[in-house]
Amino acid sequence: MTGFDGGTMGSGKLEAEGKPETEVAKPQRPGRRPTAKARAARDQVDAIFSQWRAERPDIDTSPVQIYGLIARIQIQCTAFIEEALVPFDLTRGTFDVLTALRRAGTPYSLTPKQLVQSLLLSGAGLTSRLNKLESQNLIARLAEPSDRRTLRVQLTAAGEAVINEAIPRVFDVQRSRLQKLGDDGQKRLLEELSRFAEAIDTWPG
């Protein structure tokens, strides 16, 4: 993902420990008025855009406004999700592994390759998360009955209990941030984001 001014901010993936690759902004608590820092997000992006427009009037720098706001949203979303996961002793990275297993259905088991594909991770990044979850007794790595060389990752009973409790909490805090948009606003946002995602996915090269 790009930074506020279009520079490299990181891949948009989480590091192996589940922490974001960028500095995480302090999350806003539900029910509180936005801080001056939060209100200034658009102003900060606009200021960067104005600087580039002044320095390079020969090129179109308008993408800075959109990609800068996307970067800001990514940082803020990671921050409030991480905060919601503190009571469960999970990070965004380990939470993602548990949710991938949970939504796979019983017996809540996937191969490491399937997890890598689902989470868009490197093998090394996944291994670090699995090591952490195994140390917490939330997952087990089991030999595949048909091929002893292949492992499967499976939720333990403790892991299933934790993720079943954590998922509603995360969805609640996500939903609370969307409420100001209203139902129509959320629908429009989803439609525009879908169009943008499709445009990027189908871009040649």
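Colleague: What are the ground rules for the model?
Modeller: Residues are numbered from 1 along each chain as its sequence is written, and side-chain values use heavy atoms, with hydrogens and water left out. The model is predicted: local features need pLDDT of at least 70, totals for chains, interfaces and linings use all residues, and side-chain atom pairs count only at pLDDT 80 or more.

Colleague: How many residues of helix α3 are buried?
Modeller: Helices are DSSP runs (H or I, at least four residues), numbered from the N terminus. Buried means under 20% relative accessible area, exposed over 50%, partly exposed in between (1.4 Å probe, protein chains only). The buried residues of α3 include F95, V97 and L98. Helix α3 spans residues 92-102 and is largely enclosed by the rest of the structure, because the buried count is 9 of 11.

Colleague: How far does α6 reach from its first C-alpha to its last?
Modeller: The expected span is 1.5 Å times one less than the number of residues. With 22 residues, α6 is expected to span 32 Å, and its reach is close to that, at 33 Å.

Colleague: Which residue lies over the face of F80?
Modeller: A charge sits over a ring if NZ of Lys or CZ of Arg is within 6 Å of the ring centre and within 35 degrees of the ring normal. Here the distance to the ring centre is 4.1 Å, and the residue is R177.

Colleague: What is the accessible area of the nonpolar patch with L181?
Modeller: L181 is in the loop between α6 and α7, and is partly exposed at 42%. Nonpolar patches join side chains (Val, Leu, Ile, Met, Phe, Trp, Tyr) within 5 Å, from residues with over 30% relative accessible area and no salt bridge. Areas come from the Shrake-Rupley method with a 1.4 Å probe, and only the protein chains shown count as cover for residues. L178, L181, L189 and L193 together give about 320 Å².

Methods: Helices (H or I, at least four residues) and strands (E, at least two) are DSSP runs, numbered from the N terminus. Patches are made of residues with over 30% relative accessible area and no salt bridge: like charges are joined within 9 Å, nonpolar side chains (Val, Leu, Ile, Met, Phe, Trp, Tyr) within 5 Å. A salt bridge is a side-chain nitrogen of Lys or Arg within 4 Å of a carboxyl oxygen of Asp or Glu.
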